[in-house]
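Colleague: Please put the model up, and then I will ask about it step by step.

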Amino acid sequence: MATKHTLTFVLMDAPFESARTTTAFRLLHAALDRGYDVNVFAYEGAVALSFAKQAQHPNAVHGRDVAQEDHPLSKNWIAALMAHARTRGADLKWVNCGLCVDERGVGEAIEGAQRGSPADCWKMAQQSSTTLVIPTK
Amino acid sequence: MKVRQIVETAYRATTEEQDDTVIWISHAMRGASAELGVLLTGNAVNYVAGEQDGSGLMLGAWRQTQPPAPAQDLAALMRKDVPVYCVREDLAERGLMECKLLEGIVLMSRNQLPRLFGEYDQVWRW
């Protein structure tokens, strides 16, 4: 029987700032797609990825209204990946650094995103096959 | 499990955070019994310049009362038995070898890094 692996990712970038965020989410998707359990520790600006009050907007440059623009929101990406995990028999655990949340005022996270601390990051890393840090530059 | 933390980018929001966020999380994880080591490379070697002073920021009537002090934070980390290494060539390139360096820092050459990494289960490059 194959061993079930768990991967931990540590993310730092705030949403809408860097191509690394999209890459990170694609890596999460790929891992879940293969049935890996995935932990994410969102640190610093990355805690805003799961902020529930993110909102789509129209884009006058594109000449599109809100619905037409259908602007990506990272909170929706997380929810989508959590749903995807369930279809793959995998688990996506999302933990936000609580102090980072407080200093940014983004305490209202989507359902499933938990509040935690660096101790949780360490615990998740210990319980994983490996950990990938994707830092801000 | 032992983890080597590599810090390469210096002064990343240190004024807003009043510390380096990777040094900070190392302190926090050490408090959770993590076995860690820190390697400073690139611009982050500037953290071992012992006489740096980040105080004095004023914006209008606002004055920073707790400025960042990365050298002191590193010293505190070493007191918690977290070894801190620094790449000698990166110090030399920046003319910092003549500075008063933080006591307890271990200087090493780039060609010694593979052996150092081999002493750890994981390497986290921030």
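**Questions on the model**

Modeller: A:Val95 is buried, with a relative accessible area of 2%; buried means under 20% relative accessible area and exposed over 50%, with partly exposed in between (1.4 Å probe, protein chains only). This is a predicted model, in which local features need pLDDT of at least 70 and side-chain atom pairs pLDDT 80 or more, while totals for chains, interfaces and linings use all residues. Residues are numbered from 1 along each chain as its sequence is written, chains are lettered from A and ligands numbered from 1 in the order written, and side-chain values use heavy atoms, without hydrogens and water.

Colleague: In which strand of chain A is A:Val95?

Modeller: Helices (H or I, at least four residues) and strands (E, at least two) are DSSP runs, numbered from the N terminus. A:Val95 touches, among others, A:Val40, A:Phe41, A:Gln114 and A:Met124, not counting residues up to four places away in sequence; contact means heavy atoms within 4.5 Å. The strand that holds A:Val95 is β3 of chain A.

Colleague: Which elements of chain A do the buried residues of α3(A) pack against?

Modeller: Helix α3 of chain A covers residues 74-87 and reaches 20 Å from its first C-alpha to its last, close to the 20 Å expected at 1.5 Å a residue; the expected span is 1.5 Å times one less than the number of residues. Its buried residues include A:Ile78, A:Leu81 and A:Met82. They pack against α1 (19-33), β3 (92-97) and β4 (113-116) of chain A.

Colleague: What is the relative accessible area of A:Glu44?

Modeller: Most residues other than glycine have a negative phi. A:Glu44 is not a glycine, yet has a positive phi of about 50°. A:Glu44 lies in the loop between β2 (37-42) and α2 (66-69) of chain A. A:Glu44 counts as buried because its relative accessible area is 7%.

Colleague: Is A:Asp70 buried or exposed?

Modeller: A:Asp70 is in the loop between α2 and α3 of chain A. Its phi is near 45°, a positive value in a residue other than glycine. Its relative accessibility is 52%, so A:Asp70 counts as exposed.

Colleague: Which residues of chain A does B:Thr21 touch?

Modeller: B:Thr21 is in helix α2 (residues 21-30) of chain B. B:Thr21 is buried, with a relative accessible area of 3%. Not counting residues up to four places away in sequence, B:Thr21 touches A:Met12, A:Tyr43 and A:Glu44.

Colleague: Which residues in chain A lose the most area to chain B?

Modeller: In this interface, 21 residues of chain A are in contact with 21 residues of chain B. The buried area is about 1,700 Å², of which carbon and sulfur atoms give 69%; buried area is the accessible area (1.4 Å probe) that two parts lose on being put together, summed over both. Together giving 37% of what the side of chain A buries, the residues that lose the most are A:Tyr43, A:Trp122 and A:Lys137.

Colleague: How far apart are the closest N and O atoms of A:Arg104 and B:Glu17?

Modeller: A salt bridge is a side-chain nitrogen of Lys or Arg within 4 Å of a carboxyl oxygen of Asp or Glu. Across the interface of chain A and chain B the rule finds 1 salt bridge. A:Arg104 forms a salt bridge with B:Glu17, and the closest N and O atoms are apart by 3.6 Å.
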